[in-house]
Amino acid sequence: DGCGHTVLGPESGTLASINYPRTSPNSTVCEWEIRVKPGQRVQLKFGDFDIDDSDSCHSSYLRVHNGIGPNRTEIGKFCGFDFQMDGLITSKSNEVTVQFMSGIHASGRGFLAAYSTTDKSDLITCLDNASHFSEPEFNKYCPAGCVIPFADISGTIPHGYRDSSSLCMAGVHAGVVSNTLGGQINVVISKGIPYYEGSLANNVTSKVGPLSTSLFTFKTSGCYGTLGMESGVIPDSQITSSSILEWPNQTGQVNIWKPENARLKRAGPPWAALISDEHQWLQIDLNKEKKITGIITTGSTLAEYYYYVSAYRILYSDDAQKWTVYREPGMDKDKVFQGNTELYQEVRNNFIPPIIARFFRINPLKWHQKIAMKVELLGCQFSIGRAPKITLPPPPPPPQNKNDEKNADFIDDFINSVKTSLQTDKTTFTPEIKNTTVTPSVTKDVALAAVLVPVLVMVFTTLILILVCAWHWRNRKKKTEGTYDLPYWDRAGWWKGMKQFLPTKSAEHEETPVRYSSSEISHLRPREVPTMLQTESAEYAQPLVGGIVGTLHQRSTFKPEEGKEASYADLDPYNSPIQEVYHAYAEPLPITGPEYATPIIMDMSSHPSTPLGVPSISTFKAGGNQAPPLVGTCSKLLSRTDSASSAQALYDIPKGQSGPGSADELVYQVPQSLALSTGIKDE
């Protein structure tokens, strides 16, 4: 009556004293007989040991024996409070007896121990958690029977488990190891998260957990993908059932809870059986053999219909005719899976080892009110590796002498060895699938790529920025220069240097008439208007006033206007002595010799005239100290000056500006307001 939690598997197991971890009762005894495969030995490891030693192990103790029965031999007798057992206790055979005796005592939790075969050198107990190990990644062997009521876990996959959780119990919850078989776990430690979710899986309830400094996850084969119920990869025609629930609602509409409704997370009603008994089933055809590693179930997910399945069996087949009930290895009874405890929560169960089949059936055994459920299958594709065929040579004729007998024996041995190798090669190979829970380790190539990719991105980004800046600077420069501005190589210095190599032309026969509109004349002050002005200069400067230019000189520096034409209404240089006005497109004049501005021919025939005799001032400066003539309707302008005081070229200067001469010489003439003929010739 002193036996507590006990699971004895074929290769590993867990045993504990009664009432552990609380104080064991007085005067109790328990004896465990452990057997493993012949040829193997047993190793025993204690997770906790707290037995009263007040009487020097006389009435309360733990004794370990080699063998079973009367011929067993004692390995050791142990007692003590918080006794730390160093190392493992190893047997000499495949059989071990463990005896616990509890006498009269006031305290003592008892013990918890794990065992396995000696080839599991990294054995741990069900009480070990991630905080007991400092390595960032490690492999351990979990014994069978680690689903214990006195251990807690927090978290779930794929997010991870809190570091205070039992490693082996979390491994069962994650579906990495079986509670009845135990198994190897590959643990990875990483940074903790603020909140750990709770869930029910493989008959283990994970609780909600708070923030922790670290967490752990498991590396797996990665064969835990969904097989197509939720996504619709499995068509409706491949989902069948034993019966379908049909019933009319209050409005008289018939509700049909068909088997194709049994898709996890699909809105609407589930599949429900017409009759609720143990002979109902839901069948899924996967179209070909698949490796099925788990199943997720929910209830009806409809608040008004509180239906769910709480326990079920699993059957599988390759032809939908002969069915096999799922059992765990070494067990002689069917495996019963824990289902839902309410209608909303998703409950996961894993198959260890996995199921290889095409047809999959769920057989409900227990339910709440009615059989109703939604499901999803977990797994991956399945492929079979086949050994190559080897053609054996024909058997030799019967031997005639001793040498032939030796040859025949050699050939027989060769054939037997080939057959043996063929039988050994007929194995099933599981495809290698990368872990979906934990990121696989990074290789050197990945590390190199992680360095090169950011460098290349930075280089290309820099080049793009340089090109964008250059394009922006170029557009900005074009806007600054203007539409008709000269390029940098055609500026004044270059142009002046080239002018001396160009032949000069006589402009005696070339005239550039300038016409004025009536609106422009109205802005002029009443002055005498000469009928025609001309000069013998071959080069021309840009006009100082805007006007409607009819034709341009062949070598004139005028450029065609775009858009709105300039006029005296917009700009009057004569009435603005302070403001300096320059034409936007004027080019520099050559420095080779004294020359004058372009002659202006004004046609006043179409404009009203002002009274004669009104003094007017010419817009051209006279040479020397000679006073400008104020006679006639037209006057001549000398092309060049002979005065010694005017050794350099004199140009037209607007009123109010300082020029090369004195202020007294700034005398101007303005065309008179006379109706003149447009055909005046040069003198």
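Of the 683 residues of the chain, 41% count as buried, where buried means under 20% relative accessible area, exposed means over 50%, and partly exposed covers what lies in between, with a 1.4 Å probe and protein chains only. This is a predicted model, in which local features need pLDDT of at least 70 and side-chain atom pairs count only at pLDDT 80 or more, while totals for chains, interfaces and linings use all residues. Residues are numbered from 1 along each chain as its sequence is written, and side-chain values use heavy atoms, with hydrogens and water left out.

The accessible surface of the chain comes to about 37600 Å², and 56% of that area belongs to carbon and sulfur atoms; such areas come from the Shrake-Rupley method with a 1.4 Å probe, and for residues only the protein chains shown count as cover. In secondary structure, the chain has five helices and 30 strands, these being DSSP runs numbered from the N terminus, with helices (H or I) of at least four residues and strands (E) of at least two. Among the contacts with a separation of 6 or more, 78% are between residues 24 or more positions apart, a contact being heavy atoms within 4.5 Å.

The cysteines come next. A disulfide is a covalent bond between the sulfur atoms of two cysteines. Here a disulfide is taken to be a pair of cysteine sulfur atoms within 2.5 Å, and by this rule the count comes to five.

The torsion about its S-S bond is about -85°, so the disulfide of C57 and C79 is left-handed. C57 lies in the loop between β4 (42-50) and β5 (61-66), and C79 in the loop between β6 (73-78) and β7 (89-90), so the pair ties together parts that are 22 residues apart in sequence. C57 counts as buried because its relative accessibility is 13%, and C79 counts as buried at 12%. Leaving aside neighbours within four places in sequence, C57 is in contact with K77, F78 and C79. C57 and G80, which are 23 residues apart in sequence, are 8.0 Å apart from C-alpha to C-alpha.

Another disulfide joins C142 to C168, with the sulfur atoms 2.2 Å apart. Because C142 lies in strand β10 (residues 137-142) and C168 in helix α1, this pair ties together parts that are 26 residues apart in sequence. The link of C142 and C168 is left-handed, with -90° about the S-S bond, and both cysteines are buried. Helix α1 itself is mostly covered, in that eight of its eight residues are buried; among them are L167, C168, M169 and A170. Just after α1, G175 takes a positive phi of about 85°.

How far apart in sequence are the parts that C223 and C380 tie together? The disulfide between C223 and C380 has an S to S distance of 1.9 Å. C223 lies in the loop between β16 (214-218) and β17 (225-226) and C380 in strand β27 (residues 372-381), so the pair ties together parts that are 157 residues apart in sequence. The torsion about this S-S bond is about -95°, so the disulfide of C223 and C380 is left-handed. C223 counts as buried at 1% relative accessibility, and C380 is buried with a relative accessible area of 10%. C469, by contrast, is exposed, with a relative accessible area of 51%.

A charged residue now deserves attention. D163 is found in the loop between β12 (160-162) and α1 (167-174). D163 is buried yet has no salt bridge, and the nearest side chain of opposite charge, R162, is 4.3 Å away. Here a salt bridge is a side-chain nitrogen of Lys or Arg within 4 Å of a carboxyl oxygen of Asp or Glu. Apart from its neighbours within four places in sequence, D163 is in contact with N129, A130, S131, S212, T213, S214, L215 and F216.

Finally, the surface. V451, L452, V455, L456, V459, F460, L463 and I466 make a nonpolar surface patch of about 740 Å². Patches are made of residues with over 30% relative accessible area and no salt bridge, with like charges joined within 9 Å and nonpolar side chains (Val, Leu, Ile, Met, Phe, Trp, Tyr) within 5 Å. V451 is found in helix α3 (residues 444-481), and V451 counts as exposed because its relative accessibility is 52%.

Technical notes
Lys and Arg count as positive and Asp and Glu as negative; His and the chain ends are not counted.
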